[in-house]
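Here is a short briefing for a first look at this structure. It covers a cavity, a surface patch and a loop residue.

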Amino acid sequence: MAIGVNARTAFSLFFPPILDEFGWERGLTAGAFSMGFIVSALFGPLLGRLMDRQGPRLVVSLGVSLMGAGLALATQIREVWHLYATLGFLVAGGSLGATYTGQSLYLPNWFVRRRGLAIGIAFSGVGIGSIVLLPWLQRLILGAGWRHACLAMAIVVVSVLLPLNLLFPRRRPEDIGLHPDGDAAAAGGAARADNVVDVAWVAVDWTLARAIRTARFWWVALGFATSLFAWYGVQIHQTKYLIEIGFAPTVAAYALGLVGLMGVAGQIALGYLSDRVGREWMWAVGNLGFVLSLALLLAMRQHPTPLYLYLMVGAQGLLGYGLAAVFSAIPAEIFQGRNYGSIFGALTLASVGGSGVGPWVVGALYDRTGSYVVAFWLAMACSLVSALAIWLAAPRKVRAVAGRIHAVRATRGGLDDGRRAR
């Protein structure tokens, strides 16, 4: 995660020098990143089916190979379609299998009681990578040019991630004789039964065909699409925006890296808290982080002060990036089962679609209006819609998180007492 996600995030650093070299429109250039995400989203259901059948070794290796090829070939960009094919389709698209989506297809199967915390710890590696890799890449860009930086990143991605992928586990602990959370069979089964709120819902063998006929599936899809619209719409344009309002390129690069570093604490904290109070609450907190960071970015147009920059970094990293800790936990609570990978893969049509459309829409609105004001207000509205959509999906009404299991037991005890009294 530390390398894979930041190899994709590096587009934000390549974006300004590519604009300077070729003079393309901002929306057209950012559209390369969007196109890669949107095209890859079409393969989301297939990726989920592949994960259900073959496991993470094949899926992640495929994503790493595509990203490495895209970064290496980006050194030969001369035309706009070259940009779309390399940093767009191969890097942004290939990252689907190697980063958040690929990991989310199997990681939730390994944890029940500590699902949010486990995912938060795993995804927090992104922050460590961002504070190390992104400033290093920015120095390479300033010293040797963005093409050399692309080649260096390609070498890191392939030489580290492909061998590391050989250590990845199977898609489910049961495949190797283990149980979620490291429990013995009896304890694991008891824990999974105790957290069930809607027994009838959980009893269904959820397939993709059944899932898409439920309102919950579409509320989750809307929540994912709108939140990732805001996330990536900001991320891709943030470096260029900070440079234009007066910050030095190295400061803008460090800001992007510090957001990721803050995300280490944010993802672990929000993941842990989501296991105690619920997924919806932490999803709302994460979206609030993006609303605050966007408001601070707008305030910096008139007051580009270090204080506002630090506050923006904190809001985006500590709160906003915490969304990743509950991203896969939410559908896992609702549609947990042997077909979870296929269902989550289908949800990537919405989530990856939102993250793909966001950068293009933000860039196009800039080209039309001459500023990011309208685009940033739109992103704030999307964050609020996302929080509401996940609340309506209500994973808390299907399975209780560990911190709320006692309430489920108390409710069941009251029902049992009532039955005995009758």
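How much space lies in the second largest cavity? The answer is about 70 Å³. Keep in mind that this is a predicted model.

**The second largest cavity**
- The model has 5 cavities of 30 Å³ or more.
- The lining of the second largest cavity is made of 14 residues.
- Val5, Thr9, Val126, Gln235 and Tyr321 lie nearest the centre of this cavity.
- Four helices each supply at least two lining residues: H1 (4-9), H9 (125-144), H14 (215-244) and H15 (249-277).
- Helix H1 gives the most to this lining, with 4 residues.
- By class, the lining holds 8 nonpolar, 5 polar and 1 charged residues.

**A nonpolar patch on the surface**
- Ile128, Val132, Tyr254, Leu258 and Leu261 form a nonpolar patch on the surface.
- Together they have about 410 Å² of accessible area.
- H9 and H15 are the elements that give two or more residues to this patch.
- H15 gives the most to the patch, with 3 residues.
- Leu261 is found in helix H15.
- Leu261 counts as partly exposed, because its relative accessibility is 32%, between the limits of 20% and 50%.

**A loop residue with positive phi**
- Ala394 lies in the loop between helix H21 (373-393) and helix H22 (405-421).
- Phi of Ala394 is near 55 degrees, a positive value in a residue other than glycine.
- Most residues other than glycine have a negative phi.
- Is Ala394 buried or exposed? Ala394 counts as buried, because its relative accessibility is 4%, under the 20% limit.

Technical notes. Residues are numbered from 1 along each chain as its sequence is written. This is a predicted model: local features need pLDDT of at least 70, side-chain atom pairs count only at pLDDT 80 or more; totals for chains, interfaces and linings use all residues. Side-chain values use heavy atoms; hydrogens and water are left out. On a 1 Å grid over the protein atoms alone, a cavity is a set of points where a 1.4 Å probe fits but cannot get out, and a pocket is an open set with protein on both sides within 12 Å along at least five of seven lines; lining residues have an atom within 4 Å of a point. Grid points are joined across faces, edges and corners, and a volume is the space filled by probe spheres set on the points. Ala, Val, Leu, Ile, Met, Phe, Trp, Tyr, Cys and Pro count as nonpolar, Asp, Glu, Lys and Arg as charged, and the others, Gly among them, as polar. Buried means under 20% relative accessible area, exposed over 50%, partly exposed in between (1.4 Å probe, protein chains only). Patches are made of residues with over 30% relative accessible area and no salt bridge: like charges are joined within 9 Å, nonpolar side chains (Val, Leu, Ile, Met, Phe, Trp, Tyr) within 5 Å. Accessible areas come from the Shrake-Rupley method with a 1.4 Å probe; for residues, only the protein chains shown count as cover. A salt bridge is a side-chain nitrogen of Lys or Arg within 4 Å of a carboxyl oxygen of Asp or Glu.
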